[in-house]
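Work through the exercises below with the model open. Each task is followed by a solution in steps.

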Amino acid sequence: MSTQTELHIDLGNSRAKWRLMSSGETQAQGIAEPSFWEGLPNTPLIDRVVLASVAQQELVDGLVAVLESRYVVPIVQLHTPAEHLGLKNSYAQPERMGIDRWLAMLGAWYPRQAHVVVVDAGSALTLDVVAANGQHLGGVIIPGAALSEKALLSSTGKVRFDDPVAHALALGQSTAECVRFGIAHAQIGAIESIRDRHNLQQAQWVFTGGAGQWMRDQLGEFGDYEPDLVLKGMHISRA
């Protein structure tokens, strides 16, 4: 376990989540927005920055420039390996798997050493299955709720609304409800279909991402919700 102080950053498509780690313990954590990257910790006591990102390169470059000027320490950008700590990548080209998916799987599987299903409900909805022996069995990537709605609205001429309607597993009686409820059914239905078709009912399910708690609740509150699963996996990978 490293005794140095590391700033761990999970950079997504819209924001960055961070943890300040020292001797295996969390010293602080927070969220930083990409406008001026406000929200990053103001401390000189950092030995290294560790960055995991699936964001567009322009966003990554902007954050790295801020980190270099603010902390003046080495910056390590993580990449997906073929195998690490017993977790085995199924991709023929391992580096093409998103580092966020890999770290989420590591965060879910490594502490449990069991058959796990990892659902990350963010900009994209991803599901990955890992056998008890650490072998990644495969997964799916589906447009998330916001992306699905954006695609629908941008590709149609008259599907328009500005009503503040929440997603729900119901039947809609307005355009807003029909769109939001339809997306909810599609998201939950996809997970239910994969669960039943691939006999994953007995696996240990772990949910994460901005919509992870909602998705877990809609599926009957089974499994665990871990909002910082990627950062947890990053910590495990660095221990």
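**Exercise 1. Domains and the largest pocket**

Task: State which domains supply the lining of the largest pocket, then describe that pocket.

Solution. 
Step 1. This is a predicted model. Its domain assignment gives domain 1 (5–77) and domain 2 (83–145 + 158–237).
Step 2. Each of these two domains gives at least three residues to the lining of the largest pocket.
Step 3. The space in this pocket comes to about 930 Å³.
Step 4. The lining consists of 41 residues, and those nearest the pocket centre are Asp 120, Ala 121, Gly 122, Ser 123 and Gly 209.
Step 5. Two or more lining residues come from each of β1 (5–11), α2 (99–112), β8 (116–121), β9 (124–130), α3 (145–154), α4 (175–197), α5 (212–218) and α6 (229–238). The largest share, 4 residues, belongs to β9.

**Exercise 2. How the domains meet**

Task: How many residues of domain 1 and of domain 2 are in contact, and what distance separates the domain centres?

Solution. 
Step 1. Contact joins 14 residues of domain 1 to 12 residues of domain 2.
Step 2. Taken over C-alpha atoms, the centres of the two domains are 24 Å apart.

**Exercise 3. Packing of α2 and α6**

Task: Classify the crossing of α2 and α6 as parallel or perpendicular, and list the residues that make the contact.

Solution. 
Step 1. The two helix axes come within 7 Å and cross at roughly 70 degrees.
Step 2. Angles of 65 to 115 degrees count as roughly perpendicular, so α2 is roughly perpendicular to α6.
Step 3. On the α2 side, the contact is made by Asp 100, Leu 103, Ala 104, Leu 106, Gly 107, Ala 108, Tyr 110, Pro 111 and Arg 112. On the α6 side, Leu 229, Val 230, Lys 232, Gly 233, Met 234, Ile 236 and Ser 237 take part.
Step 4. These contact residues divide into 10 nonpolar, 3 polar and 3 charged.

Note on methods:
Residues are numbered from 1 along each chain as its sequence is written. This is a predicted model: local features need pLDDT of at least 70, side-chain atom pairs count only at pLDDT 80 or more; totals for chains, interfaces and linings use all residues. Side-chain values use heavy atoms; hydrogens and water are left out. On a 1 Å grid over the protein atoms alone, a cavity is a set of points where a 1.4 Å probe fits but cannot get out, and a pocket is an open set with protein on both sides within 12 Å along at least five of seven lines; lining residues have an atom within 4 Å of a point. Grid points are joined across faces, edges and corners, and a volume is the space filled by probe spheres set on the points. Domain bounds come from an automatic or database domain assignment. Axes are lines fitted to C-alpha atoms, for helices over the stretch in contact, and angles run from 0 to 180 degrees between N-to-C directions. Angles under 35 degrees count as roughly parallel, over 145 as roughly antiparallel, 65 to 115 as roughly perpendicular and the rest as oblique. Contact means heavy atoms within 4.5 Å. Ala, Val, Leu, Ile, Met, Phe, Trp, Tyr, Cys and Pro count as nonpolar, Asp, Glu, Lys and Arg as charged, and the others, Gly among them, as polar.
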